[in-house]
Amino acid sequence: MDLQKIAKAVLPKSALAQLRRAKWERERRRVASLAPLTEEDFRNILIHDLGLAAGDLVYVHSGMDGLNLAFPFYRILFLMQEVIGSSGTVLFPTYPNHRMSSYEYLRQGRVFDVRRTPSYTGILTEFARRQRNAVRSLHPTKSVCAIGPAAAEITATHHLSPYPYDTCSPYYKLIEGGGKIIGLGATTNYISFGYCVDDALKEKFPVRVYYDEIFDAQCINYEGERVIVGTYAHDMSTTVHPEMPRFMKTYVSESACRDLSIRGMRFFRASAPKLFAEMMALAERDIIAYPRSVYR
């Protein structure tokens, strides 16, 4: 029997929050006890373990608490840019909803300003968003910022579909651009790219991942104009991937995606085109990363 499910069923939210906090503190202490990574160590990981190279289009998930660095965190952005070069483009999630779901954020009627609304997807993402040459997609909850020659093109149409991960999104354009996805101090439990499969199949997908309502969210674009962006919001009671690393290891090829432990720290790497193709083929066989308990 799954002890985690039992705990969620019987314990109050405050107790669950305390347990999560204690688990996070234990993990942070464990990581802090590891030998720190130097800039040269990190550069080698980017090239040799995560497979980055000049000209790459790369989407980055990051968790600074999962890394023990011997250098300031913001140097990560510059190290990646050194590796992928001036012809490469790097992307980061810059979600604005702080300690709440997208559904709660949209229900509050907040105004998303593409120029000024902070990112709450980690300190590295906010640092990237603040770069002078960063371009951010105009999406009220699943915004992405990009830096590099493909930045404007890959973020340009995100606001044109109510499905935040479909063909209009930067996530899907990673497939078309042969993009790579990496995790720094993070596991594939945080790989949002998997939602591209949900949005590609839409009503054919066996899990109802969105609330029925399309929210008309107020946004401010780069010209300072107010625009309405229609979007669905994920239903977090169904949109759960409790064991994504296990799913990847069981069903997905190593060349498509793999979680890694390097010097005791967590990383992952994925090929967007390969991962999408394999996950779509799996979905056609009714093999998805969601538990049966949340099927329609």
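Is R30 buried, partly exposed or exposed? R30 is partly exposed, at a relative accessible area of 30%. The cut-offs: buried is under 20% relative accessible area, exposed is over 50%, and partly exposed is in between, with a 1.4 Å probe and protein chains only.

Quick ground rules. This is a predicted model, where local features need pLDDT of at least 70, side-chain atom pairs count only at pLDDT 80 or more, and totals for chains, interfaces and linings use all residues. Residues are numbered from 1 along each chain as its sequence is written, and side-chain values use heavy atoms, with hydrogens and water left out.

Now the pairs. A salt bridge here means a side-chain nitrogen of Lys or Arg within 4 Å of a carboxyl oxygen of Asp or Glu. That rule gives 20 salt bridges.

Back to R30. Its partner is E27, with the closest N and O atoms 2.7 Å apart. E27 is partly exposed too, at 25%. Helices are DSSP runs of H or I, at least four residues; strands are runs of E, at least two; both are numbered from the N terminus.

Next, R43 and E40. Their closest N and O atoms are 2.8 Å apart. Both lie in helix 3 (residues 39–49), again three residues apart. E40 is partly exposed, at 44%. R43 and E40 also belong to a salt-bridge network with E39, R75 and E82.

Last, K202 and D166, at 4.0 Å between the closest N and O atoms. This pair links distant parts of the chain, 36 residues apart. K202 is partly exposed at 32%, while D166 is buried at 8%.
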